[in-house]
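I opened this notebook to record what I looked up in one structure. The entries follow the order in which I consulted it.

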Amino acid sequence: MDRALSMPELLGTIFLFSDQSSQARCARVCRLWSPIALETLWKVVYSMKDLFSLISPLYVWEEDLESKARTLQLRDWIRSESWARFNRYASLVRTLFISELPMEGEFDVFLDNAVLHEIAYKRLTLSLLPNLVELHIDASSDTDLFNYAGLFLSQKVTRLFVSFKENCDEQLESLCDLVAARAPGLTYFKLRANSVQWQSEEEIASVGTLLSSLRSLDTVIFSANTMVSSFASELSKLPHLRTISFENALKRRDVIAASLGGFVPVLGEGAFPRLSTLELTASLLDLCSFFGNKFAPHNITKLFVQTPLWEKPDNLRNFFVTVSQTCRELADLAVDDIYDVYNSAPILSSDENEPVTIYVFEPLLALPRLTRFMLAFHRKLEMKDADLTSLVSRWPKLESLKLAWQPIMREQPLLSFRVFPMIAPHCHNLRELALYVDGTDVPNVPMNYDSHRETPYYQQRPFARLHSLSFGTSPIIADAVPNIAISLGILGISDSILNIGHSWRQPFMDGYAGANPVTQRMVHSWHVGLAMWEEVRRMLSVVGYMKHCESFRSRILLAEISALKEKVKSPRRREEDFILKVSSF
């Protein structure tokens, strides 16, 4: 055997990239490979069927052809030798997924309730997996899976992921009580609700009680619509909490606004002592009150806000003022309003669409450490090239900038392609850029766009670190496509950097049946615009190839010029040497 294949660290890395069948075969190769392969094989268990098969083989006890369902049962009685075989591998498990069993052909597979009852009654220890660290419970389709949590929860479990569906008050309350009693040392807790809102006060109370008991929590993640004031009040008392986050943002402004209510947590002295990352869904008015509280968290470095209301620019400015005064260490700020695009289109066509100007952003100039800023807002951004330049010049560490790059109503933007050379000297660290610019009037860009530099244009890369550039729904015409491609090519932007597309829901872009005329016109203009931006990306690849060829030819010419200069200097040097020799006599 090669020496490399006898190194445990190297073998463990190789086995990680193998499938379960390969890992099982490797465990039977030799005594050296067996423990390493088994540890890799059983470190993460994705199915309870595999785990319970160690106790006793499972067989199809009942099969319903009409409903396409199979029920599994233990084939043998559980004996002492069964636990000896199970414990040999149970100590290797670090992560377990409690979820529905994978389908067998067209049949759904379930474990009979007698399996749970017999294992729970005859188990030798309180927790079947003594070294379990991470537990995933997916009860989004079957709440009976909550009952299996009691077999595995222990004080060593530090990471818990729970998914549930609506109308499971009793099961959720029972799980919360069990987690609080058996796993008080949780540091990571993720709670995902499939329903639009909490169905009862009992659910909120049980989760709130659980949060107050988990004193070691470091990170907590909710669904976007399930973070309520009572949760924030309980979380504010936790001494080690650093991150409050969310996922699964719902694009339904009216539903979320109705489900959330107001965000008015009760804060006491010493609230959120270590909180650095905060993501939540709330109105800007409620957030102004939250951060205006004298006990509000002051150590926030990352803030992501989704507002479900039809916010005005004045509310946005007031929010920026409050945040800039409270969170002086803020480095990552994002504001996103979520709404139903289809239903909102007629509203945005009214005269009430007040634009967002540079005046709104002025409070953020007091945050010199800002490295990431995103504003995904439904209202028009009224910002000129000079305004954006003055804004980014105050953020020397800026790495990501996204400013209202995909508004619903495609009004004429004030930003032009001339803004890129203007902001380039201030954006040396920029990695992501998304802007809503005017792609209908792009002038013929001279090849040496920066005449103050001695470096040729093909060697200038003002955005050397940029790896993502997006223009969202920016307007564009066919005649401007070549000039846009040349302009971006001069800036050193390749076709792989340019991102084409949007984040709106695909059904809306495909067009609804019987949509109103405003929506139909928008959908059509967006499709046409995206096709033209795709043409820009295609031409950009050609421009990049031409730059590469010109750079290669230029290097050859420079080498030839240097050789000619040497040839010209040689006769002169011989003449000077002859004159020196003559003068010496």
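The entries below concern strands, a helix and one glutamate.

**Basis.** I worked from a predicted model, in which local features need pLDDT of at least 70 and side-chain atom pairs count only at pLDDT 80 or more, while totals for chains, interfaces and linings use all residues. Residues are numbered from 1 along each chain as its sequence is written, and side-chain values use heavy atoms, with hydrogens and water left out.

Entry 1: I took helices (H or I, at least four residues) and strands (E, at least two) as DSSP runs numbered from the N terminus. I found three strands in an open sheet of mixed pairing, ordered 2-3-5; two strands pair if DSSP finds at least two bridges between them. Strand 2 (58-64) and strand 5 (108-111) are the edge strands, each pairing on one side only. From one strand to the next, the twist averages 30°; axes are lines fitted to C-alpha atoms, for helices over the stretch in contact, and angles run from 0 to 180 degrees between N-to-C directions. Strand 2 runs antiparallel to strand 3 (residues 69-74), joined by six bridges, and I noted Gln73 in strand 3 as the bridge partner of Tyr59. Helix 6 (residues 113-122) lies across strand 3 and strand 5, at about 20° to strand 3.

**Entry 2: helix 5.** Which residues of helix 5 (residues 80-90) are buried? I listed Ser82, Trp83, Phe86, Tyr89 and Ala90, buried meaning under 20% relative accessible area, exposed over 50% and partly exposed in between (1.4 Å probe, protein chains only). Viewed down the helix 5 axis, these buried residues fall within an arc of 130°, so they line one face of the helix; the arc is that of the directions from the helix axis to the C-beta atoms. Ser80, Ala84 and Arg88 are exposed on the face turned away from the buried side. The cover over the buried residues includes helix 3 (33-42), helix 4 (48-52) and helix 6.

Entry 3: Strand 7 (residues 159-164) has five of its six residues buried, so it is largely enclosed by the rest of the structure. Six bridges join strand 7 to strand 6 in parallel, with His136 opposite Phe161. Strand 7 also pairs with strand 8 (residues 188-193) in the parallel sense, over six bridges; there Val162 stands opposite Leu191.

**Entry 4: Glu134.** I located Glu134 in strand 6 (residues 134-139). Glu134 counts as buried because its relative accessibility is 18%. Leaving aside residues up to four places away in sequence, Glu134 touches Arg94, Thr95, Leu96, Arg159 and Phe161, contact meaning heavy atoms within 4.5 Å.
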